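Let's take a walk through a protein together. Have the sequence and the 3D view open, and keep turning the view as you read.

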Amino acid sequence: MEFEFDIHKIFLEPISKLDSSLLPQRRPLVSSSEAQRQIVAVIDEIGKASAKAQRLPAPITSASRMQTNQHHLYILKDCTPKTAGRGVVIGFLKVGYKKLFVLDHSGSHIEAEPLCILDFYIHESLQRHGFGKELFAFMLRTEQVEPQHLAIDRPSEKFLSFLRKHYNLRSTIPQVNNFVVFEGFFRDRKAPGRKMPAKRAEGEIKPYSLSERDFLKHEEGLPWPFSQAQSSLNRASSLGSSPTRACPRHNPGEEDFVKSLRTFRPHSLQRAASGEQEDPSQRRRTR
């Protein structure tokens with residue numbers, strides 16, 4: 001792919017590795033702002049070309065996506081004498097680590113975070129010239145990963161044929177997601193996956209444990225209403241209603257005393273409490 005600016009001034013190596021900063025390790029020969037603008041244009045154009053070749057509705061590789069994700073983008077340029085002018089971009093390879101739940105041979109879910117192939121594109125006019133193999137091998141050396149330990153996001157039939165031819169990756173382990181893993185994915189990994197515990201059957205699930213039930217039965221000294229006798233609790237007929245406190249027993253002597261207090265006038269309560277007799281002449285007459 002050709003551009004209106006000089007590719008050799010922004011990508012000084014045959015294969016340049018980019019991260020979220022969108023700048024290669026070797027400093028471009030133009031200003032940082034100009035290099036940033038040109039690199040953004042390159043990434044967006046090759047992302048569109050890849051989406052078109054895969055018949056995708058929208059590009060999955062763009063400069064904005066690169067800036068918001070921890071992905072690595074390897075861009076391959078042509079260094080042959082016939083492109084000694086402004087240079088051309090041959091293709092690219094995008095990789096990144098992702099947390100996946102992968103099925104093993106027994107069908108168990110394994111939590112792993114493998115390096116994933118997210119996008120791979122070589123220009124149609126330059127395919128079957130060894131450029132794809134050169135770019136893929138460079139990525140494997142840089143990332144220090146074996147090809148069987150990769151997870152590939154929605155590989156095309158052409159890409160699967162490429163892996164069979166150059167890396168003898170043939171047998172796949174069926175998955176329920178869009179990623180493809182091959183035989184040997186779980187062997188000799190630097191960071192082995194973590195096997196998720198099997199789910200319990202719904203019949204074994206209880207609202208609370210038996211130990212909590214025993215605690216309610218045998219714990220002593222609980223507050224009301226649990227400390228009251230069963231006869232003193234009136235349980236409501238509807239499920240979930242809280243118990244009610246039973247009516248207390250009445251003392252007849254206390255009732256007579258309360259009634260006698262009601263017959264006294266407010267100014268006579270103190271005399272009644274002290275045992276003094278009220279003088280009838282001191283009573284106030286009311287009409």
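First, some ground rules. What you see is a predicted model, where local features need pLDDT of at least 70, side-chain atom pairs count only at pLDDT 80 or more, and totals for chains, interfaces and linings use all residues. Residues are numbered from 1 along each chain as its sequence is written, and side-chain values use heavy atoms, with hydrogens and water left out.

Now the big picture. The protein has seven helices and twelve strands; here helices (H or I, at least four residues) and strands (E, at least two) are DSSP runs, numbered from the N terminus. Of the 287 residues, 32% are buried. "Buried" means under 20% relative accessible area, while exposed is over 50% and partly exposed is in between, using a 1.4 Å probe and protein chains only. Look at contacts too (heavy atoms within 4.5 Å): among those with a separation of 6 or more, 60% join residues 24 or more positions apart.

Next, find the sheet. Seven strands make an open sheet with mixed pairing, in the order β1-β2-β3-β6-β7-β9-β8. At its edges sit β1 and β8 (172–173), each pairing on one side only. Two strands count as paired if DSSP finds at least two bridges between them. In general, strands of a sheet pair through backbone hydrogen bonds, either parallel or antiparallel.

Let's step across it. β1 and β2 run antiparallel with four bridges, and Ser-16 faces Ile-75 in β2. Then β2 pairs with β3, again in the antiparallel sense, over six bridges; here His-72 is opposite Val-95 in β3. On to β6, which is antiparallel to β3 and joined to it by seven bridges, with Cys-116 in β6 as the bridge partner of Gly-96. Strand β3 is mostly covered, with eight of its nine residues buried.

Stay in β3 and click on Lys-94. The Lys-94 side chain does reach the backbone oxygen of Ile-60, at 2.7 Å. Leaving out residues up to four places away in sequence, Lys-94 also touches others, including Met-66, His-71 and Leu-118.

An α-helix has 3.6 residues a turn, so residues three or four places apart point the same way.

Val-145 lies in the loop between α3 and β7 (151–153). Is Val-145 buried or exposed? Val-145 counts as buried because its relative accessible area is 15%. Beyond its neighbours within four places in sequence, Val-145 is in contact with Leu-115, Leu-140 and Leu-150.

Conventions. Polar contact = N/O pair within 3.5 Å; in protein donor to acceptor, adjacent residues only side chain to side chain.
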